[in-house]
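Student: I would like to go through this model one feature at a time. Could we begin with a helix?

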Amino acid sequence: MAKLLKGAEVTAALNERIKADVEDLKAKGVNPTLAIVRVGERPDDLSYERGATKRCDTLGVAVEKVLLPEDVTQEELMAAIDRVNNDDRIHGVLIFRPLPKHLDDEAVRRALKPEKDIDGITDGSLVGVFAGTKQGFPPCTPQACMEILDHYGIDPKGKRAVVIGRSLVVGKPAAMMLLGKHATVTVCHTRTVDMPAVCREAEILIVAAGRAGVVGKEYFAPGQIVIDVGINVNAEGKLCGDVNFEEAEPVVEAITPVPGGVGTVTTSVLVGHVVEAAKRTLA
């Protein structure tokens, strides 16, 4: 039976560190503040916004919302980003994406200052991830994967790590962050030949395939650490990951559950990035 790498434990530890940093910043006259830029009212955006706002309230981080109608013009959206960019009271900015199709997503990502990009959507932030510098911030989900490994004492140094997925949101940043921790990293994707055989060689397996339960028993080997990034709804209407948990759990050494794993940690990572952005203004 595999050990469950529960996100709640990681979140609790993260929150304690964040609270201490917030108290220190406020003692120095700095009130860490997140700006949320939302276009329209997509249900998933609203759900994430509620979670982020609640976590900020709990940890003492202020939230300012920039709410724009779905038919907002490109010029109006760019003006809103310019305002939050140049507002010194705001330390981090979360822009909900995807944007409506009539808006230029690339222009929006280029416009946001990397130092306020607390979800790793700008080219500047991604350069920071790939170069190993502190320019901007990594995307929250791969950072949450690293926080889980750290919390449970799993050191990637010298280990064989495999990442399934090559998106700029999870796969590629996760691979770079594992390299930064001195793992030997392989990235698998839809053109990978005999992916299950490649994955069975992994000591650490991060799965961001984007399909419910697609990673089954042929991918696993004893002793593996499996981090399941996927959040899907199955045919029964229940949340599930990209990993077939029932097939993985009897084989591997440890695994993140879905729900209750990576997704639980990402909101605290987001708030932590806001606080770190505020700290950097004092440097």
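Tutor: Begin with length. Helices (H or I, at least four residues) and strands (E, at least two) are DSSP runs, numbered from the N terminus. The expected span of a helix is 1.5 Å times one less than its number of residues. Helix H6, residues 140–151, has twelve residues and should therefore span 16 Å at 1.5 Å a residue; its end C-alpha atoms are 16 Å apart, in agreement.

Student: What kind of model is this, and how are residues counted?

Tutor: This is a predicted model, in which local features need pLDDT of at least 70 and side-chain atom pairs count only at pLDDT 80 or more, while totals for chains, interfaces and linings use all residues. Residues are numbered from 1 along each chain as its sequence is written, and side-chain values use heavy atoms, with hydrogens and water left out.

Student: How many of the twelve residues of H6 are buried?

Tutor: Buried means under 20% relative accessible area, exposed over 50%, and partly exposed in between (1.4 Å probe, protein chains only). In H6, nine of the twelve residues are buried, among them Cys140, Ala144 and Leu149. The cover over these buried residues includes helix H1 (7–27), helix H7 (171–180) and strand E7 (204–207). After H6 comes Gly153, with a positive phi near 70 degrees.

Student: Which residues of H3 are buried?

Tutor: An α-helix has 3.6 residues a turn, so residues three or four places apart point the same way. In H3 the buried residues are Gln74, Leu77, Ala80, Ile81, Val84 and Asn85. Seen down the helix axis, they fall within an arc of 140 degrees (taken from the directions from the axis to the C-beta atoms), so they line one face of H3. Glu75 and Arg83, on the other side of H3, are exposed.

Student: Is Ile90 buried or exposed?

Tutor: Ile90 is buried, at a relative accessible area of 4%. Its place is the loop between helix H3 (74–85) and strand E4 (92–95). Contact means heavy atoms within 4.5 Å. Leaving out residues up to four places away in sequence, Ile90 touches Thr33, Ala35, Glu64, Val84 and Lys116.

Student: How many bridges join strand E5 to strand E6?

Tutor: Two strands pair if DSSP finds at least two bridges between them. Strands E5 (residues 160–164) and E6 (residues 184–188) run parallel and are joined by five bridges. The chain goes from E5 through H7 to E6 in a right-handed β-α-β crossover. Right-handed here means that, with the strands pointing away from the viewer, the path from the first strand over the helix to the second runs clockwise.
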